[in-house]
Amino acid sequence: MNLDHLRNEIDSLDSEIVKLLNKRINVVLEIGEEKKKAGAEVYVPSRERAVFEKIKALNQGPLPDEAAHAIYREIMSAALALETEMKIAYLGPEATFTHQAARNKFGVSVDYISTSTISEVFNCVQNRTADYGVVPVENSTEGAVTHTFDQFATTPLKICAEIYLPISLTLLSNQPSNEINLIFSKQEVFGQCRSWLTANMPNVKLSPVESTTKAVQLAIETPGAAAIASVMASDMYNVDVLAENIQDMQGNTTRFLIIGQEYSAPTGADKTSIVFGVKHKVGALYDALSVFKADNINMTKIESRPSRNKAWEYYFFVDIDGHADDPEVARALDELQEHCTLMTVLGSYPKAET
Ligand SMILES: O=C(O)C(=O)C[C@]1(C(=O)O)C=C[C@@H](O)C=C1
């Protein structure tokens with residue numbers, strides 16, 4: 001029978017694939033040994049970027065590029081877990097959007113540590129309970145995650161990668177829509193679907209809680225309650241979806257940062273994040289930022305936060321295109337230093353696709 005013949009062909013291809021995967025893993029283990037000797041980092045975002053790009057270039061289809069990417073994400077996740085007992089701390093609990101971002105970045109083979117606050121993620125990485133941490137930094141609808149910026153003002157840790165995750169919000173409950181009089185979610189999430197809530201749930205009480213997962217747990221145990229969370233939470237907690245894609249802006253996206261002990265190596269398409277303070281005098285910020293124009297460096301973001309040292313003193317968080325080791329960026333950062341009361345490079349890392 002033709003079907004049997006085709007399945008035999010698949011069986012023999014699978015046996016080749018598994019052999020090749022293990023051959024690859026054996027090379028990875030050798031790389032792991034070399035890195036151990038050199039005291040080098042196991043997770044190498046710049047190399048992962050190169051692997052993903054090479055696979056995309058090699059892939060002639062019909063396998064879709066997204067599928068090839070997902071398969072290689074898991075191949076490299078297994079590699080990371082075999083090279084070391086890799087632990088990733090994230091702002092939890094399980095099924096939060098940060099958990100999803102962490103899984104997209106590191107795959108399913110590594111170990112995850114769920115924390116209840118952003119500062120705990122930083123602490124885990126600083127005291128080396130975790131190798132890397134994942135924190136949200138900015139949402140395209142609601143703006144900055146200020147707790148994360150405030151941690152960066154004082155941490156010795158470095159940003160070593162970034163990830164953009166499309167945020168699709170879902171109304172979840174095991175009770176029918178017309179019986180819902182209370183919705184739990186994160187304050188920022190309510191902000192991301194304000195118009196939908198006004199139009200569809202005008203008289204419902206909104207109750208902010210610390211995470212979307214906590215919101216789902218409360219919705220399950222509270223009569224007349226629903227939660228706004230991710231679809232992943234609906235699967236994980238077995239709650240029905242009452243409405244999907246309720247965010248006001250399609251294209252609602254959150255940017256997450258991966259924090260570790262080291263910068264990433266240059267890839268040719270990088271971003272550098274810095275924090276600085278300037279003297280309280282006329283034109284100080286203008287003078288500081290003009291170094292980027294002078295060196296033809298594109299600035300992709302600026303955020304200001306109270307310094308928390310002195311009232312009405314601010315720190316500026318700036319992202320620029322390029323790597324701190326690129327000569328023009330290095331020159332601009334040297335020049336910037338001269339205008340600042342404080343200046344720290346928070347990290348240089350491969351620029352992610354938005
Ligand atoms: O090239 C390395 O440094 C590896 O450890 C191998 C590998 C891979 O599987 O290709 C695994 C993990 C790293 O983050 C990057 C690449």
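Reply: Happy to! One definition to start with: a helix here is a DSSP run of H or I with at least four residues, and helices are numbered from the N terminus. Also keep in mind that this is a predicted model.

Me: Okay, which helix gives the most to the shell around the ligand?
Reply: That's helix 3, which supplies four residues.

Me: And which helices each supply at least two residues of that shell?
Reply: Helix 1 (2-38), helix 2 (45-58) and helix 3 (65-83) each do.

Me: Nice. Which residues surround the ligand?
Reply: Here's the set: Val28, Ile31, Tyr43, Val44, Arg47, Glu48, Val51, Met76, Ala79, Leu80 and Glu83. Sorted by class, the shell has eight nonpolar residues, three charged ones and no polar ones.

Me: Switching topic: how many helices and strands are there in the protein?
Reply: The protein has twelve helices and 15 strands. It has 354 residues, and 35% of them count as buried.

Me: What about domains, where do they run?
Reply: The domain assignment gives domain 1 (1-83), domain 2 (85-167 + 252-262), domain 3 (170-246) and domain 4 (265-350). The C-alpha centres of domain 1 and domain 3 lie 39 Å apart.

Me: What does UniProt annotate at residues 87-261?
Reply: An unreviewed UniProt entry has the annotation "domain: Prephenate dehydratase" for residues 87-261. In the model, that span is 32% helix and 32% strand, and its end C-alpha atoms lie 13 Å apart.

Me: Now helix 4. Why is it largely enclosed by the rest of the structure?
Reply: Helix 4 covers residues 97-106, and eight of its ten residues are buried, so the rest of the structure largely encloses it. The buried ones are Phe97, Thr98, His99, Gln100, Ala101, Ala102, Lys105 and Phe106.

Me: What comes just after helix 4?
Reply: Glycine 107, with a positive phi of about 75 degrees.

Notes
Residues are numbered from 1 along each chain as its sequence is written. This is a predicted model: local features need pLDDT of at least 70, side-chain atom pairs count only at pLDDT 80 or more; totals for chains, interfaces and linings use all residues. UniProt positions are given in the numbering used here, feature names are shortened, and annotations may be inferred rather than shown by experiment. A residue is buried if 20 or more other C-beta atoms lie within 10 Å of its own, exposed if 12 or fewer, and partly exposed in between; C-beta atoms are placed from the backbone. A residue is near a molecule or strand if its C-beta atom, placed from the backbone, lies within 6 Å of it. Ala, Val, Leu, Ile, Met, Phe, Trp, Tyr, Cys and Pro count as nonpolar, Asp, Glu, Lys and Arg as charged, and the others, Gly among them, as polar. Domain bounds come from an automatic or database domain assignment.
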